[in-house]
Amino acid sequence: MTASEGAIAIVGATGALGFGLALRLGQAGAEVIVGSRDEERARAAAARATTVAATGSFRGAANPDAVGQSEIVVLAVPFASHAATIKGLAEALRPGQLVIDATVPLAPAIGGRPTRLVGVWQGSAAEQTRELLPDEVPVVAAFHTISAAMLEQLDVGLDEDVLICGDRRDDRRRAAELIARVKGLRPVDAGPLEAARIVESLTALLIGVNRRYGTHAGVRITGLPRDGAWPGK
């Protein structure tokens with residue numbers, strides 16, 4: 001199938017973070033394609049999303065079809081299946097199609113604690129994605145510090161920053177425009193893709209904070225424009 005103008009594919013939207021992002025983006029007016037290795041699971045998740053966010057536009061598809069129908073692809077998969085998923089999508093991706101990677105290399109991928117990271121040869125999950133995809137497919141990293149539980153509670157307002165890493169300013173800006181559509185999320189330019197090594201580690205830090213305080217903490221950078229003005233405007 002051909003790409004739908006403005007459609008967003010969320011690969012891994014049958015999981016908690018991916019499903020929460022699907023709900024919020026759908027509620028914000030984006031056309032969301034729920035992706036999964038299992039098409040039936042994708043369709044079931046899309047149907048559930050429609051029930052939760054009745055005003056949103058959701059449909060389900062197997063991962064390659066979801067990617068082929070979208071303009072922007074969000075990766076929200078467990079690190080254990082990260083490389084295999086990317087390799088399976090590489091041929092479906094088109095030049096210029098933006099990939100936003102929300103993956104975190106948490107230690108449960110190898111049986112460890114969720115408050116720890118595993119070492120990634122490339123430096124970060126996002127840099128692994130960059131290495132595995134064709135050069136003409138831009139990659140940015142984002143969505144690492146947002147609670148999946150908070151995303152799914154549509155009656156709860158969000159008030160936090162999303163740190164965006166990517167090697168080209170235009171790619172970061174493009175991701176920022178999508179993120180800014182979700183009320184309560186402020187995109188922040190966090191610089192080149194190698195900064196994802198730092199940003200991804202914040203997920204493990206916040207998991208520990210949330211356990212100790214019994215909450216769903218996020219991140220807010222002080223001293224930035226409250227109106228979300230992007231650098232260079």
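**A walk through the predicted model**

The side chains of Arg 172 and Asp 189 meet in a salt bridge, with 2.6 Å from N to O. Because Arg 172 sits in helix 7 (residues 169-179) and Asp 189 in strand 8 (residues 185-189), this pair ties together parts that are 17 residues apart in sequence. Keep in mind as you look that this is a predicted model. Arg 172 is buried, with a relative accessible area of 9%, whereas Asp 189 counts as partly exposed at 22%. Salt bridges that share partners also join Asp 159, Asp 161, Arg 186 and Arg 220 into one network.

Side chains of opposite charge can pair when their charged atoms come close. The structure holds nine salt bridges. One of them is formed by Asp 171 and Arg 168, whose closest N and O atoms are 3.0 Å apart. Asp 171 counts as buried, because its relative accessibility is 6% and the cut-off for buried is under 20%.

Glu 71 is partly exposed at 28% relative accessibility, and Arg 94 is partly exposed at 26%.

Now step into strand 4 itself, which covers residues 72-75. In a regular strand the side chains alternate between the two faces of the sheet. Here Ile 72 and Val 74 point one way, Val 73 and Leu 75 point the other way, and all are buried. Strand 4 has a parallel partner in strand 1 (residues 8-11), over four bridges, and Ala 9 stands opposite Val 73. Strand 4 also pairs with strand 5 (residues 98-101), again in the parallel sense and over four bridges; the bridge partner of Ile 72 there is Leu 98. Together with helix 4 (residues 82-89), strands 4 and 5 make a right-handed β-α-β unit.

What lines the largest cavity? Its lining consists of Val 73, Leu 75, Ile 86, Leu 89, Leu 93, Val 99 and Leu 133. Strand 4 and helix 4 each supply at least two of the lining residues. By class, the lining has seven nonpolar, no polar and no charged residues. The space inside is about 40 Å³, and the structure holds one cavity of 30 Å³ or more.

The largest pocket has a volume of about 880 Å³. Among its 39 lining residues, the closest to the centre are Ala 16, Leu 17, Ala 76, Val 77 and Pro 78. Helix 1 (16-27), strand 2 (31-36), helix 6 (148-152) and helix 8 (196-213) each supply at least two residues of this lining, and helix 8 gives the most, with four. The lining residues divide into 20 nonpolar, 16 polar and three charged.

Phe 143 lies in the loop between strand 6 (139-141) and helix 6. Phe 143 has a positive phi of about 70 degrees although it is not a glycine, and it counts as buried at 3% relative accessibility. Gly 119 lies in the loop between strand 5 and helix 5 (125-132) and is exposed, with a relative accessible area of 75%. From Gly 119 to Ala 149 is 30 residues in sequence and 27 Å in space, C-alpha to C-alpha.

How values were computed. Residues are numbered from 1 along each chain as its sequence is written. This is a predicted model: local features need pLDDT of at least 70, side-chain atom pairs count only at pLDDT 80 or more; totals for chains, interfaces and linings use all residues. Side-chain values use heavy atoms; hydrogens and water are left out. Buried means under 20% relative accessible area, exposed over 50%, partly exposed in between (1.4 Å probe, protein chains only). Two strands pair if DSSP finds at least two bridges between them. A crossover is right-handed if, with the strands pointing away from the viewer, the path from the first strand over the helix to the second runs clockwise. On a 1 Å grid over the protein atoms alone, a cavity is a set of points where a 1.4 Å probe fits but cannot get out, and a pocket is an open set with protein on both sides within 12 Å along at least five of seven lines; lining residues have an atom within 4 Å of a point. Grid points are joined across faces, edges and corners, and a volume is the space filled by probe spheres set on the points. Ala, Val, Leu, Ile, Met, Phe, Trp, Tyr, Cys and Pro count as nonpolar, Asp, Glu, Lys and Arg as charged, and the others, Gly among them, as polar. A salt bridge is a side-chain nitrogen of Lys or Arg within 4 Å of a carboxyl oxygen of Asp or Glu.
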